[in-house]
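Student: Please pick one part of this model and go through it closely. Then show how it sits in the rest of the chain.

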Amino acid sequence: MSDIQYQDPLSDIAADQDGGDASLERKRKLRLNKLQKRLRRETGRAIEDFKMIEEGDRVMVCLSGGKDSYTLLDILLNLQKSAPVNFELVAVNLDQKQPGFPEHILPAYLESLGVPFHIVERDTYSIVKSVVPEGKTTCGLCSRLRRGTLYGFADEIGANKIALGHHRDDILETFFLNMFYGGKLKAMPPKLVSDDGKNMVIRPLAYSREKDIEAYSELKAFPIIPCNLCGSQENLQRQVIKEMLQGWDRSHPGRIETMFRSLQHVVPSHLADTGLFDFAGLELGFAHGIRGGEDGVAGDRIDILSL
Ligand code: SF4
């Protein structure tokens, strides 16, 4: 991760309000270029750091119709043109048969891009409605059904990677959700193998901020399809965490970046998980180090006298 201080794209937008109409289009393009460069740089770095995409990969990009997945596809298509490796992109949308889902929007958009795509039709909406009691949040079951369907479809089309549009704010929200409500130190990994071991899931926007994605999506005028056509409310706990993080972001600029960096500098010897670190095996005369000469991984012992 870079230590470069985050710059809010909205500060540009606010400053531009005073610029008059004449140069508005030029400024819009400048902002778009600046944001695109930042998103490209961050995505490229995430892909490289986690070896997300390699030569010959067939990457299935999951497109929900929201700002995150549109941005993901856009940036991956952009990177594909200059990437040092050859890889294929296939866009896939799952039509969950929500009432009012505008079926024509995604095919029209994807055809205009010329990217190969599939629309998978599965009525998960009816399943969710019949299983979850009225008034309860349906997003958990809905997401699991969507994930299962998409993983299965990746096998059908021979995609060896599945790209999802989760970003850095999603990762931090999940981290705090797990800590506050689940009692676990666990976030959302930029790369993982699915539970059945068959699919490799990647999150190329892992280093990108939601507000950059939001601003980029607005400037690109992506044809957004709202997720809540089903009438479900966003998970209340996630909403609480989101507001907490947004509050910190306003009152302590830079804290989000620092917190994300902490996920990449974990020191097991200074936590309290006996399964992760061999506290029982600690001996006098040796230091269980910390990464970079100080690793903290169980069994990685450094002679303190030689330091
Ligand atoms: S808002 Fe509706 S469609 Fe979106 S995840 Fe939740 S239940 Fe599914």
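**A sheet edge and its surroundings**

Tutor: Strand E5 is joined to strand E6 (residues 200–202) by 3 bridges, and the two run antiparallel. Within this pair, Lys-191 stands opposite Ile-202 in E6. Strands here are DSSP runs of E with at least two residues, helices are runs of H or I with at least four, and both are numbered from the N terminus. Two strands pair if DSSP finds at least two bridges between them. This is a predicted model, in which local features need pLDDT of at least 70 and side-chain atom pairs count only at pLDDT 80 or more, while totals for chains, interfaces and linings use all residues. Residues are numbered from 1 along each chain as its sequence is written.

The E5–E6 pair belongs to an open sheet of 6 strands with mixed pairing, in the order E3-E2-E1-E4-E6-E5. Strand E3 (117–121) and strand E5 (191–193) are the edge strands; each has a single partner strand, so one side of each has no neighbour in the sheet. Neighbouring strands in this sheet are turned against each other by 25 degrees on average, direction ignored (axes are lines fitted to C-alpha atoms, for helices over the stretch in contact, and angles run from 0 to 180 degrees between N-to-C directions). Strands of a sheet pair through backbone hydrogen bonds, either parallel or antiparallel.

The chain as a whole contains 10 helices and 8 strands. Helix H7 (residues 168–182) has 15 residues and spans 20 Å from first to last C-alpha, close to the 21 Å expected at 1.5 Å a residue (the expected span is 1.5 Å times one less than the number of residues). Its buried residues include Arg-168, Asp-169, Asp-170, Phe-175 and Leu-177; buried means 20 or more other C-beta atoms within 10 Å, exposed 12 or fewer, and partly exposed in between, with C-beta atoms placed from the backbone. The buried residues of H7 pack against helix H8 (210–220), helix H9 (236–251) and helix H10 (255–263). Contact requires C-beta atoms, placed from the backbone, within 7 Å. After H7 comes Gly-183, with a positive phi near 65 degrees.

A UniProt record (unreviewed entry) annotates Cys-139, Cys-142 and Cys-230 as "binding site". They span 92 residues in sequence, yet no two of their C-alpha atoms are more than 10.2 Å apart, so they gather at one spot. UniProt positions are given in the numbering used here, feature names are shortened, and annotations may be inferred rather than shown by experiment. Cys-142 lies in helix H6 (residues 139–156) and is buried, with 21 other C-beta atoms within 10 Å. Not counting residues up to four places away in sequence, Cys-142 touches Thr-124 and Val-128. Cys-230 is in the loop between H8 and H9 and counts as partly exposed, with 19 C-beta neighbours inside 10 Å.

As for confidence, the mean pLDDT (the predictor's confidence in each residue, from 0 to 100) is 87 for the chain, and 85% of residues reach 70 or more. Over residues 1–5 the pLDDT is below 50, and this stretch has 5 contacts beyond near neighbours in sequence. Residues 289–307 also have pLDDT below 50, with 31 contacts beyond near neighbours in sequence. Where pLDDT is low, the predicted coordinates should not be read in detail.

Methods
Contact = placed C-beta atoms within 7 Å.
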